[in-house]
Amino acid sequence: MTAFLPNPVAPNDDRPFVYLNASISADGKLAPANRVFEPFTNSHDERFLHLLRTRADAVMAGHRTVATGDVKMDAGGKRFESIRLREGRARQNLRILVSATGSVSPSLPIFSTKSSPVILLTTSEGFKATKVSLKEVAHVVACGEQTIDWKMALSQLYKQWGVRSLLCEGGGDLNGTLIQAGVVDEVYATIAPFIFGGRNAPTLADSSGFQHLAHGKSLVLKHRFRRGTNLFFCFKVLNG
Ligand SMILES: NC(=O)c1ccc[n+]([C@@H]2O[C@H](COP(=O)([O-])OP(=O)(O)OC[C@H]3O[C@@H](n4cnc5c(N)ncnc54)[C@H](OP(=O)(O)O)[C@@H]3O)[C@@H](O)[C@H]2O)c1
């Protein structure tokens, strides 16, 4: 599986290499319509997720993803820490939680693990809401007034936090805005043999999406492989 991992080289000296990873049903959903996180892929997918993390200086997820499951976003144990160290990365990846409103509870499971700093990426509004409540548990970084300015945010992560490779693990809203901002370099998707259906179920890329085919992002298939009943795909995104 290591043959299918990214070789993360920052595209310029202003932002990290950005890659997404998601497990999806055959109809492209991240979860059923109740949006409750329940694993639906196999053990190979879990291993691949941790291997993908070994190439990341930071792992990022949206507020709903972090708030609705036991999400810690750490390296995943000694075995993966050793790979990180062998490849010249820090023992643990930084962890980034994205919230525009900043209405984040300090008692979320992600804050209970002190494996590495948690950065809350937010707006100026969110900064006001969290600077006291999350003082003990996160580094709050504001980029943008009401929405996150991704150019500014990625540049700060690159320059102030030394992030050269950033893995985004969803959910659909966060993935969608990153794709629309044109800052995603590669997409990793594992397809599991289910159909969830439902227009309220999250998909790999939600947010407002592209209105016209001509504006959609084109992908080039880099790798595909099968493990058990799951299919794994890696795509390069053309023009970010
Ligand atoms: N199968 C998989 O691989 C996988 C992976 C991840 C998640 N999931 C599932 O996906 C669902 C969650 O996805 P979701 O789309 O509902 O939510 P999400 O993207 O995880 O989180 C949405 C929230 O994150 C913040 N956010 C996202 N993008 C932002 C941006 N560009 N700027 C500022 N804030 C931003 C906002 O928080 P505030 O409201 O606080 O402002 C927003 O309400 C859950 O069911 C989860 O289990 C599945």
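**Close-up views of a predicted model**

View 1. Among the 54 residues of the largest nonpolar core, Ala58, Leu97, Leu120 and Leu166 touch the most other members. Such a core is a set of buried Ala, Val, Leu, Ile, Met, Phe, Trp, Tyr and Cys residues joined through C-beta atoms within 7 Å. Buried means that 20 or more other C-beta atoms lie within 10 Å of a residue's own, exposed means 12 or fewer, and partly exposed is in between, with C-beta atoms placed from the backbone. Strand S1 gives this core its largest share, 6 residues. This is a predicted model: local features need pLDDT of at least 70 and side-chain atom pairs count only at pLDDT 80 or more, while totals for chains, interfaces and linings use all residues. Residues are numbered from 1 along each chain as its sequence is written.

**View 2. The surroundings of Leu166.** Setting aside neighbours within four places in sequence, you will find Leu166 in contact with Pro16, Val18, Ala56, Asp57, Ala58, Met60 and Leu157. Contact here means C-beta atoms, placed from the backbone, within 7 Å.

View 3. Helix H5 spans residues 150-161, and its buried residues are Ala153, Leu154 and Leu157. Looking down the axis of H5, these buried residues fall within an arc of 95 degrees, so they line one face of the helix; the arc is that of the directions from the helix axis to the C-beta atoms. After H5 comes Gly162, with a positive phi near 70 degrees. Helices (H or I, at least four residues) and strands (E, at least two) are DSSP runs, numbered from the N terminus.

**View 4. The shell around the ligand.** Of the 29 residues around the ligand, Phe37, Gly62, Thr65, Gly170 and Gly171 come nearest. A residue belongs here if its C-beta atom, placed from the backbone, lies within 6 Å of the molecule. At least two shell residues come from each of strand S1 (17-25), strand S2 (58-62), helix H2 (63-68) and helix H6 (172-180). By type, the shell holds 10 nonpolar, 14 polar and 5 charged residues. Ala, Val, Leu, Ile, Met, Phe, Trp, Tyr, Cys and Pro count as nonpolar, Asp, Glu, Lys and Arg as charged, and the others, Gly among them, as polar.

Methods. Two residues are in contact if their C-beta atoms, placed from the backbone, lie within 7 Å.
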